[in-house]
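Open your viewer and keep the sequence panel beside it. Each stop gives you something to select.

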Amino acid sequence: MDLRQFRYFVAVAEERHFGRAAQRLSMTQPPLSQQIRALEASLGAPLFVRTNRSVELTAVGRQLLPEVRRILADADALPALAQGLAHGEVGTLSLGFVSTADYGILPPLLREFGERYPRVRLQLLEATSDVQVEALMDGRIDAGLFIPPVPARYANELSYLPIVREPLMLALPAGRDDTGHESPGQVQTAQTQGLPGAPVSLAEFAHEPLVIFPRRVAPAFYDIIMGCYAALGLTPRVGQEAIQMQTIVSLVSAGMGVALVPQSLCHLRRTGVTYRALRETSTFIETGLLWRTAEVTPVLEGFLETARGVAHTPPGATLSA
């Protein structure tokens with residue numbers, strides 16, 4: 001069997017006549033009849049009932065005709081598909097992302113990529129930076145939105161593109177004054193709706209329990225936060241640990257403590273939480289794209305190109321979702 005025989009079969013089925021089908025195919029009738037018999041022999045079933053005046057499809061032929069048409073349509077689409085794959089316009093991209101990216105760089109990056117490459121299918125995996133590194137090395141994802149640094153043991157195998165840097169903000173239970181004590185009169189202010197308030201000093205909240213990622217899953221982020229306290233000669237009291245940023249903010253809203261979060265988390269307007277800039281520190285958290293250096297597919301190259309455009313965001317700025 002080959003595609004040529006399938007095309008002959010469709011022509012005879014539609015013309016219901018070998019002579020007209022042969023004329024349509026720009027060939028003589030005897031070779032056409034021979035090819036149809038060869039196809040029937042390959043399939044092990046007759047496709048046509050032949051008479052002196054016409055040709056009719058058998059029951060097998062009638063049921064096979066739509067499938068053969070589908071096969072031919074798929075075959076005709078292969079060149080365009082191959083060109084789309086070669087240019088990164090068609091395919092699949094598996095992307096990991098840290099939870100903080102969901103409130104900052106991820107939505108505009110996906111939107112921009114989707115507008116440029118609408119036929120590429122995205123598979124998204126929310127995961128901490130350490131899990132993303134493992135998934136990259138195992139080939140389970142193609143790239144990841146990741147908080148650096150890149151582990152030294154993989155420095156020769158992984159490439160990293162910084163995309164955005166943003167300052168850390170203090171998330172604290174709404175209704176607290178600048179000393180960290182309850183202030184009932186403030187509960188109805190805009191800050192209770194999660195809107196950023198006036199800058200505060202981290203030292204004024206050093207007595208509050210700290211809600212933070214466990215160091216084993218986000219060592220870089222953990223060390224940056226601890227460095228903010230250390231720069232002021234403070235030692236935080238870790239109260240609760242959580243691996244999802246949404247959970248951290250929820251614990252803050254429940255009064256379990258305070259948290260240092262990227263500025264983009266201000267988009268997560270959780271009732272009972274207010275966000276404040278820090279007066280005495282300009283610590284930034286960086287998020288970038290990580291991928292296997294030796295395995296850049298055309299689809300991934302298109303995503304990298306999009307990410308490079310987004311990466312022109314000035315340091316300290318965040319991307320609007």
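Select helix α3, residues 29–43. Helices here are DSSP runs of H or I with at least four residues, and strands are runs of E with at least two, numbered from the N terminus. The 15 residues of α3 reach 21 Å from first C-alpha to last, close to the 21 Å expected at 1.5 Å a residue. That expected span is 1.5 Å times one less than the number of residues.

This is a predicted model: local features need pLDDT of at least 70, side-chain atom pairs count only at pLDDT 80 or more, and totals for chains, interfaces and linings use all residues. Residues are numbered from 1 along each chain as its sequence is written, and side-chain values use heavy atoms, leaving out hydrogens and water.

Now color Leu 32, Ser 33, Ile 36, Leu 39 and Glu 40: in α3 they are buried. Buried means under 20% relative accessible area, exposed over 50%, and partly exposed in between (1.4 Å probe, protein chains only).

What does the buried side of α3 pack against? Show α1 (3–15), α2 (18–24) and β1 (48–50). Contact means heavy atoms within 4.5 Å. Then step to Gly 44, which follows α3 and has a positive phi, near 75°.

Next, select strand β3, residues 91–97. Six of its seven residues are buried.
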